[in-house]
Amino acid sequence: AGSTLYELASLSIPSIVFFFSYNQKKATEAFGFYGAAVSVGHYEADDKDTFMNLMMNSIKTVCADYDRRLEIARNANCLVDGLGARRIACAIVDCK
């Protein structure tokens with residue numbers, strides 16, 4: 001997850017995502033909730049076999065379903081506008 005999630009969304013790249021650290025949890029879950037990615041949860045889950053099975057099943061399912069990939073890509077792109085870097089730069093300049 002992390003900031004890469006937003007980069008993939010702005011490029012309309014369908015994604016299967018998981019989080020390493022808990023500061024990534026909300027974004028990972030939100031993208032999953034809105035159908036903007038397939039979320040498979042926390043990588044450091046207690047049961048690694050369950051996590052890996054979920055990951056592999058998600059990969060197989062998404063790879064086999066073109067319409068699902070399009071849906072994920074469209075949903076992801078609707079969550080971002082691609083102007084975040086510009087807003088940050090403007091905020092920095094305005095603060096001087």
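**Reading pairs and places**

Guide: Start with Asp81, which is partly exposed at a relative accessible area of 47%. Buried means under 20%, exposed over 50%, and partly exposed in between (1.4 Å probe, protein chains only). This is a predicted model: local features need pLDDT of at least 70, side-chain atom pairs count only at pLDDT 80 or more, and totals for chains, interfaces and linings use all residues. Residues are numbered from 1 along each chain as its sequence is written, and side-chain values use heavy atoms, with hydrogens and water left out.

Visitor: Which side chain meets Asp81 in a salt bridge?

Guide: Side chains of opposite charge can pair when their charged atoms come close. A salt bridge needs a side-chain nitrogen of Lys or Arg within 4 Å of a carboxyl oxygen of Asp or Glu. Here Arg87 meets Asp81, at 2.9 Å from N to O. Arg87 is partly exposed too, at 47%.

Visitor: How many salt bridges does a search of the whole structure find?

Guide: Three. Another joins Arg68 and Glu71 at 3.3 Å. Both residues lie in helix H4 (residues 66–79), three residues apart, about one turn of the helix. Helices are DSSP runs (H or I, at least four residues), numbered from the N terminus. Glu29 pairs with Lys25, their closest N and O atoms 3.8 Å apart. Those two sit four residues apart in helix H2.

Visitor: Is Thr28 buried or exposed?

Guide: Thr28 counts as buried because its relative accessibility is 0%. Thr28 also lies in helix H2, residues 25–33. Contact means heavy atoms within 4.5 Å. Beyond four places away in sequence, Thr28 touches several residues, including Leu5, Phe18 and Ser39.
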